[in-house]
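Open the model in your viewer and keep the selection panel at hand. The tour below says what to select at each stop and what is there.

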Amino acid sequence: MLALRSRTVMPSLGRIFESRLLYLTMFIGVIITIFSIKSPYFIVPANFLYMFKYTGIIGILGLGETLIILAGGGGIDLSVGSMLSLSGVLLYFLSTMVNVWLAVVLTVPLGLFLGAINGVLCTFVGIPPFLATLATMFAYSGISLGITRGVALSGFPKQFGVLGEGLIFGVPVQFLVLLFVFIPAGIMLRLTSFGKHIIAVGNSEHTALLVGISPKRVRFVLYVISGGLAALGGILMDSWLLTARPDAGLGYELRAIAVAILGGTHIHGGSGTLTGTLLATIAITMIQMGLQLVNVNAVWQLGIIGLLLVFVAVLNQVIGGGGLRKLIIRWG
Amino acid sequence: MKRVLWSIVLAVLVGWAIWGVAAERTISVAFIPQLIGIPYFNAMEAGGKAAAERFGVNFIYQGPIDVSAPEQLRIFDALIAQGVDAIAIAVLDETSICPAMERAAAAGLIPFTSDSDAPNCPARRLFVCQALNEDLARAIIDGIAIRLSPGDPYKAVGKIAFVSGYPTAVNLNTWMDLMEEYVNAKFPGLKIVARRYAGGTAAEAYRQAMDLFTAYPDLAAIVGVPSTSIPGVGQAVEDAGLTGKIIYTGYGSPLTARDYIHSGAMTFSVLWDPWALGYLTVWVGWLLAQGVALDQIPVEIELRVPGLEDRPEVAVRWIPEKKIVLLGPPLIITKENVDKYDF
C-alpha cells in the first residue's frame, strides 16, 4: 500500500480533503482533552451538550458561505450578518401581525429575496462579490437600524423560544436545526448534478461553460440559498434572545467565513467539504466555550482564534505548494 | 501515526503547563459588564478586585468586547456551567438574559444585576444601583440653580438646553424627563428651552451646541447629557467664547470632562463612582453567596460596607420596595476632585 502511494506524484484532491477532516477531528480531540483536564466543567454531559447550542447560528451561516466560496469567481457573502439582523427584525414585525410560527415560515422567503438581490448584483450585474455584498451589508444593516430606530424589540411569545433555547434529550434544538440543513446540503453537494456543477464552476469557469453549465446561474442560486440560511439564523437568534436586535448579526459574516476557511474550503473555490465546515464550527465553538470556562478574557479568545486562522492559512499555502505533500502521503 | 500521537501528547502537556492546575474551593462571584476595555468598566473591575481581595472572594470579570447581548448570554451560560456562587450582570437586554437568570437560579446560583437592571425578571435577586435617576436629575438642576442664584436657588432665572445622545436611549430620556419635571415643579424662573440629539459623536454635539448658542444668545446653562456629548459641547463653549459666562454641566466621566473642567469651560459634572460600584457588587455577591438573605430584609436600612467608608458620596442603603442596593447620592465632579478619578 505504502509503495503504491509513494508512486503517486500528486495526492488526489480527495486525499487532501480526507486528511483535512482527519486533522480537524484530531484537533477537536485535542481541544476536548486539554479543556477536560483544565476545567472540571467542560466534559460534564449537560454542559458539553449545551455547548452545541452555540454551533447553530455560526454553522448555518458558515454553510451558505462555504457554498458561495466553493463556486469560485471571487464569491463571498459579507452580508450574511446583516441579512440575519434584517430577517430577525422583519420576523418581529410579521409576528405582530400574524401568528409567530406563520411569521417564521414567511421570514424564509424574505431571506431568499435578500439573497437574490445579492445574487443579481454579483452575477447578472457583474459587480465583484466583495464589493456587492459589502454594499448590501451596509444597506441591510442600515434598513434594520432604520425601521427599528436602533432599538431592540422584544415581546415574542415565550413558546417561540423553543427553537433557540429548547433541548431534545439534552441536545439543543439549534444544533438539530444545524444538522437538519447540513445533511441535505451535503447530499446535494455530493450526489446531485447541481452539487457537481458548483465544484465544476469553482474549479474552472471556462471548462464549466464549455460543458454547458452556466456559472452565473449556479452562483445566483447559491446567493439565494445563503440569504435563506441567514434568515434561518435570524429566526434562531430571535427565538434564542426572544428579542429582535437590529445589530444581532454584527460580526457574524466574519465568523461564517472563518469556519468555512478553517474547514478547508479553498478561498478561490473549487475545493472544500461541508463536513469540514461543520467540524470547524464545532471546533471553534468548543475553543471559545472552553476558554470561557477557564475564564480567559474575550479579547484573548478572539486572538487565539485569529492565530488559529493564520495557522490554517499557512497550512493551506503549504499544502497548495506541495511542501507538506510528502508528509501527507507518509501519514495518510 | 506515531508523530501525530506525539504531537497530541505535546499539545496536551503545553496546554496544561500554560494554564496550570486548577483551584481549591472558595466563594466565587462573577460580574459581566456591558463591554470590556472601557475606563468605566475598568474602574468597576478594579473596585471588584479590591473587594475580592479584602473578603477572600474568587472574582471573575468576563464581558463581551463589543456591546453584544448574545455574547453576554454566552458568557453567562459558561459561568452557570462553572457553577460560580453568584453572578452579577450589567444587563444589556432584559428579555434575552431573563431565561438565563432563571436557569442560573434553578442551578442553585444567585443571579443579580448591577449598573443596569432587569427589573421585570423574577429570578433577579436584587439590583446594585449606582444612583437613583431622580437624584441624578436633581443634582444637575440644583447645581445650575445654586450657581445662578447663590442666595436662594429657587429664585434662579434662566434658560437651559440639553444636548443628548441617541433619541432612543432610555436612560438619557428618563434623566431629561425627570430634570424637566423637577424644574417645572420647583423652579418657576428656570425654563428648559431645547432638547437636541447628537447621536454618539462629538462633532455632532459641537454642531448642536453652536446652533443652540446662536438660537438662544441668553442661554444660562447647557447640559451635555451623555458622556459622548461632553467633549463636543465643551469645545463649542470654548470656541464660542462662553467659558465662564455659561454654566456647562452634564453626566460626563472625569476623564472625558477633565480638560474642560480645568479650562473652566465645564462648570461641574455629575456621575457616580464606578470603583465603589464594582466593590459594592462583589461585597453584595459575597454576602448573598454565604446565605445572607440581604434581599429579604423588609425595611429600608443603611448598610456599612467595610472598605468603602472613606469614599466620598458613598452611603449604601437597601431599598426593599425596588429590591435595590443603592450606592449613594450622585458624585459631583468639579475642579477640586476631577483629578482623583480615572474612569
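In this tour a residue counts as buried if 20 or more other C-beta atoms lie within 10 Å of its own, and as exposed if 12 or fewer do. The model is predicted.

**Stop 1: chain B as a whole.** Select chain B, which has 10 helices and 14 strands. Its C-alpha atoms fill a box of roughly 80 × 55 × 35 Å along the principal axes. Of its 343 residues, 49% count as buried. Among contacts in chain B with a separation of 6 or more, 69% are between residues 24 or more positions apart.

**Stop 2: the two domains.** Colour residues 25-131 and 274-328 of chain B as domain 1, and residues 133-271 as domain 2. The C-alpha centres of these domains of chain B are 31 Å apart.

**Stop 3: helix 6 of chain B.** Select residues 170-186 of chain B. This helix has 17 residues and spans 24 Å from first to last C-alpha, close to the 24 Å expected at 1.5 Å a residue.

Which residues of helix 6 of chain B are buried? Show side chains for B:L172, B:W175, B:M179 and B:V183. These four lie on the same side of helix 6 of chain B, because they cover an arc of only 65° around the axis. An α-helix has 3.6 residues a turn, so residues three or four places apart point the same way.

Now turn to the face of helix 6 of chain B that points away from the buried side: B:V170, B:N184 and B:A185 are exposed there.

**Stop 4: what covers the helix.** Strand 6 of chain B is itself mostly covered, with six of its seven residues buried. Strand 6 and strand 7 of chain B pair in the parallel sense over seven bridges. To find one bridge, select B:K159 and its partner B:K191 in strand 7 of chain B.

Notes
Residues numbered from 1 in each chain as written. Chains lettered and ligands numbered in written order. Predicted model: local features only at pLDDT ≥ 70, side-chain atom pairs only at ≥ 80, totals over all residues. Domains from an automatic or database assignment. Helix = DSSP H or I, 4+ residues; strand = E, 2+ residues; numbered from the N terminus. Expected span 1.5 Å × (residues − 1). Arc of directions from axis to C-beta. Pairing = 2+ DSSP bridges. Contact = placed C-beta atoms within 7 Å.
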